[in-house]
Amino acid sequence: MCSPQESGMNSLSARMLTRNRSLGPRAGPRGCGEEPAPPRRGEAAAEARKSHSPVKRRRKAQRLCVAYEGSDSEKGEKAEPLKVPVWEPQDWQQQLVNIRAMRSEKDAPVDHLGVEHCYDSSAPPKVRRYQVLLSLMLSSQTKDQVTAGAMQRLRAQGLTVDSILQTDDATLGKLIYPVGFWRSKVKYIKQTSTILQQRYGGDIPASVAELVALPGVGPKMAHLAMAVAWGTVSGIAVDTHVHRIANRLRWTKKATKSPEETRAALEEWLPRELWHEINGLLVGFGQQTCLPVRPRCQACLNQALCPAAQGL
């Protein structure tokens, strides 16, 4: 027979055993010397599949970087424009070097009698510029020797806007004869001198557009006047010599029919720093070597490089 104390302890043990059974075999804490309950059949199969299946790793996402061109304000400076390839003649640089070598003596008529040598260097600037323009008007279709002679005779009479306007047409014609088209030039000189006196105070215009608007002044004269009288390179001065040589050397993308067309073709590709040099260089070369008729190809350093020489 149990005592009341033993009876209470037995009741407590019975209640704890009943609670543990109701929670199931896996609800209790592991450890304390107890073995874990064996897994059920379905759970064991699932665990086996997990242990033998390959582990899938998550692929690391790659970051795509896209670079955008910054705007002008972001860069802090202007973006350079896209450079378009420019046509240029074959061997032109070597041809130019050879022409410079052939012209190194500077002994062509243009070197001593050209427009740079026809005006009075001691005259006031305004008078000098007028004389430059007048010598250019006389030089059209005229050899440098003839132009220089006419300018000497005019300067001996006092070559200014006022003196020309006070000279009658017959006397002016005798002074400039035998320049080419001397009668027409007498008329152009008088008309231009009147305009210069009325509109420019006896000076000459300082732009190509205003210069070519004067009677008897063409584009070649205007560009040379800008260079010699004003010290400004406004374009390439192309006369018959430059026109002829540029086409013989194939310095134009296609054959040109006029000096003005040649000027536009040359300015498309020839570096601007060469524009001032090219007129005097080619004019003298045309006077001495690359003559209009019977060019002296045998004495030319460009004989092997000149397309025109190959056909002669």
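User: Trp269: buried or exposed?
Analyst: This is a predicted model, in which local features need pLDDT of at least 70, side-chain atom pairs count only at pLDDT 80 or more, and totals for chains, interfaces and linings use all residues. Residues are numbered from 1 along each chain as its sequence is written, and side-chain values use heavy atoms, leaving out hydrogens and water. Buried means under 20% relative accessible area, exposed over 50%, and partly exposed in between (1.4 Å probe, protein chains only). Trp269 comes in at 9%, so the call is buried.

User: What kind of aromatic pair do Trp87 and Trp269 make?
Analyst: Rings of Phe, Tyr and Trp (its six-membered ring) pair if their centres lie within 6.5 Å; planes under 30 degrees apart are stacked, over 60 edge-to-face, the rest tilted. That rule gives four aromatic pairs. For Trp87 and Trp269 the centres are 6.4 Å apart and the planes sit at 90°, so this pair is edge-to-face.

User: How many residues apart in sequence are the parts that this pair ties together?
Analyst: Helices here are DSSP runs (H or I, at least four residues), numbered from the N terminus. Trp87 sits in the loop between H3 (72-75) and H4 (92-102), while Trp269 is in the loop between H14 (259-267) and H15 (275-288).

User: Which residues do ring pairs link into a cluster with Trp87?
Analyst: Trp87 itself is partly exposed, at 31% relative accessibility. Its cluster, joined by ring pairs, also takes in Trp92, Trp251 and Trp269.

User: Which helices do the buried residues of H14 pack against?
Analyst: The residues in question are Thr262, Arg263, Ala265 and Leu266. Counting a contact as heavy atoms within 4.5 Å, their packing partners are H12 (219-229) and H13 (240-248).

User: Where does the partner of Arg100 lie?
Analyst: The whole structure has six salt bridges. In one of them, Arg100 meets Glu277 at 2.9 Å, N to O. Arg100 belongs to H4, so the pair ties together parts 177 residues apart in sequence, with Glu277 in helix H15.

User: Arg129 and Asp203: buried or exposed?
Analyst: These two form a salt bridge, their closest N and O atoms 2.9 Å apart. The link joins distant parts of the chain, from Arg129 in H6 (125-139) to Asp203 in the loop between H10 (182-199) and H11 (208-212), 74 residues apart. Arg129 has 16% relative accessibility and counts as buried; Asp203, at 12%, likewise counts as buried.

User: How many helices does the protein have?
Analyst: Among its 312 residues, 36% are buried. The secondary structure comes to zero strands, and the helix count is 16.

Methods. Helix = DSSP H or I, 4+ residues; strand = E, 2+ residues; numbered from the N terminus. Salt bridge = Lys/Arg side-chain N within 4 Å of Asp/Glu carboxyl O.
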